[in-house]
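Hello,

Here is the structure I promised to pass on to you. Have a look at it first, and then read on for what turned up in it.

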Amino acid sequence: MDSIHCYSRLEEDINKSDASKRTSYDLNPPVVIVGTWKDALVCDVEEIDDACRENILKYTENISEDELGHIRQEYFISNTEDDPSLEKQLQEKKKVLPIISFQEIQKIAFDSPQPLNDEELRLFLEFHHEIRALVHFKDLPSYIILDTQWLSNAFRCIVTAKKFRDISIRNIKKWDVLYSRGKLYSEVLDDVFRKENNFSKHKGHILNVMEKFDIIIRPIISDRDGADQTLCYYVPCMIKSEPEYDIYEMFNVTENTCTKSTWLCYKFRFLPPHLMNHLIASLCRKYTVAEFITKEQKRQVALFRDSAVFELQKTTKLTKLHVMKCPNLIQIQVWQFGKEREGGLFKFIDEFVTEEIVKIISTRFKMSNVNFEKKWECGHTKPESVTGSNDFFSEEQITEYYCETCTCTHIYIGEWQDLQKVSEAFYLFHRNFARRRRLSKSCENDPGLNPTTESISLVRTTSSKVCVRVKAGIRDISNIYGESSSAASLTGFTNEEINFTKMGIIVLNILADASYDLLKQDKPNIRPRRECDITNLYSEHRNLNKHIPSNSWGGSWQRIQNTDLAIGDDIERIRLTRNELQHSRIFHLDDTRFNELCNILSDLLKRFDNHNKPAILYTDQLNKILAKTVSAEEVKLIKNEIFGMTIEVDFEHQVNLPAQ
């Protein structure tokens, strides 16, 4: 008790001046005093309870009054009597039903002797999921699996479904594809569930849980082959095929056609066998899987055993990501067709892959003894020969290095790092300045667009560090979507550029307005709207700490669940949408991601309509933008607005983008 009390503190809502006047108050953490052998006593209940209280008093009589604040009300329980609790009832249900609907478990919880409300039921399910007593996911709430062995059997009947292979001669070729390439057609699934009636009723939920565990994956692939491509899964552990010939030859990666990045290597002392499958599954959900033409002139997705190729540019297919596994090493390389590399270009890929690996290791499997470090190697090294032998340069100003593989010098680009070096920082400085000069000439007749309101200044200079801030002035572009007369033909602009433009208008106007209107309710004396952007609005909300996100501030998309609907969660969604555009290295937004963001923001703005009660509904403004035809001027303006946001270049450390 002494040790516990030394590291505790009063509840935040207890005022110190009031606490001195009170005789008792609660302290955290609560302490539970447990007594045993109650069932061995032979006397009536009241006598037992009195004896228990007397023993508690004896134990606490030498404890200070402050320490007593940790002890709450006493409870007397017995584990020798039948307990009609929810847990007991579920154990009985498990004997006859391996899976139960959420509505049914709600009814059981409500009808139990100690009814649980929805929040208590949610905590109950989360706890029992953590201890592996049942299977329940917040994002798959329809069913709760009571018998985990039943679920394991369901997995096994698909993954080891060879015994069902001969029941359908008609689908025999698709069965062969499953055991050679891990491709699981819907017809094969129908064969399995037709044979296993025990699982067929819950086929949809079983498949969703298998996706959740990455036992099966549904990658983003080209729709050129129609339903044949979309109605299938891949089973990573069953992908037995390897590239039938050299991967570079397969995609025509040559010195004349392509520029290869250096290899980024995630080096493990011990690489868990299935970590690569989970990483490929994560990449499949984010990027389109690349396709190649086989020697038999058939189109096939580039998913192989322990390697895969993804499209970083879905429409143009000019940039591809190659990921592969070697002993104790996961290595990735980017192929660029038709353009030169730039420093820091692929930092966003590194961030995503690193975050996924850490999440798989620490969150999903809680493997505390698995660690890795990042290395790099010359891009000309053959994939099978990569060892990850080079450390990343930190404080040295490196522009070239000697490559032992090629026995010559190479220019050091630093594609995977933030722009750290002075030379790169000044390159960024001059590039932004030149762009603003060009914008100034095109906007001479529009003072509202004149970049002379922007500032470029040295923030601080020391012997060890120089920091440059290139800051775009805040300009009001709220009239963009209201001027239909400016709409013109967009010949020369792709659909992805139009998507990016519309999303940029939504971010810079509607989302910023919603965030500003919310802040105005909590902080009356704030700057005018024209002086506020999402970056400083987010900072204000975070400092106020009134609308707290479900998973704390500064999270990633992966941490926000569909069921997280607090105002703070929507503030985070606004920040993440804005960051996704600003951090994009290309002015493209493919249809899939555009539609995903539109659905997210439509629901978000409905909630802000209800909370803020704006004069013109945010959802109406959203629909107006989505329906409008954007002009060439709007495309150019949004491009400059998004990519001209505040950037800090720290010569000693890294580029710090605001609102990370």
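In what follows, two residues are in contact when they have heavy atoms within 4.5 Å. Please keep in mind that this is a predicted model.

Let me begin with His-202. You will find His-202 in the loop between helix 10 (197–200) and helix 11 (203–212). Leaving out residues up to four places away in sequence, His-202 touches Ile-99, Tyr-143 and Trp-150. Is His-202 buried or exposed? Its relative accessible area is 13%, and buried means under 20%, so His-202 is buried.

Thr-262 is another loop residue, placed between strand 8 (258–260) and strand 9 (263–268). Thr-262 counts as buried because its relative accessibility is 9%. The side chain of Thr-262 also has a partner: a polar contact of 3.0 Å joins it to the side chain of Glu-415.

Next, the nonpolar cores. The largest one has 68 residues, and within it Phe-310 and Ile-349 touch the most other members. Helix 14 (residues 275–286) supplies the largest share of this core, with seven residues. Another core, of 35 residues, lies apart from the largest one, and its members include Ile-498, Leu-604, Phe-608 and Val-635.

Finally, the cavities. How many cavities of 30 Å³ or more are there? The count comes to three, and the largest cavity has a volume of about 90 Å³. Its lining is made up of Glu-87, Leu-90, Gln-91, Lys-94, Phe-124, His-128, Ala-133, Leu-134 and Leu-146. Which helices each supply at least two residues of that lining? They are helix 4 (86–94) and helix 6 (118–130), and the largest share, four residues, comes from helix 4. By type, the lining residues of the largest cavity divide into five nonpolar, two polar and two charged.

Happy exploring, and do write back with any questions.

Best wishes

Methods. Residues numbered from 1 in each chain as written. Predicted model: local features only at pLDDT ≥ 70, side-chain atom pairs only at ≥ 80, totals over all residues. Heavy atoms only, no water. 1 Å grid on protein atoms, 1.4 Å probe; cavity = no way out; pocket = protein on both sides within 12 Å on 5 of 7 lines; lining within 4 Å. Points joined across faces, edges and corners; volume = space filled by probe spheres on them. Nonpolar A, V, L, I, M, F, W, Y, C, P; charged D, E, K, R; others polar. Buried < 20%, exposed > 50% of the residue type's maximum accessible area, 1.4 Å probe, protein only. Polar contact = N/O pair within 3.5 Å; in protein donor to acceptor, adjacent residues only side chain to side chain. Core = buried A, V, L, I, M, F, W, Y, C linked by side-chain atoms within 4.5 Å.
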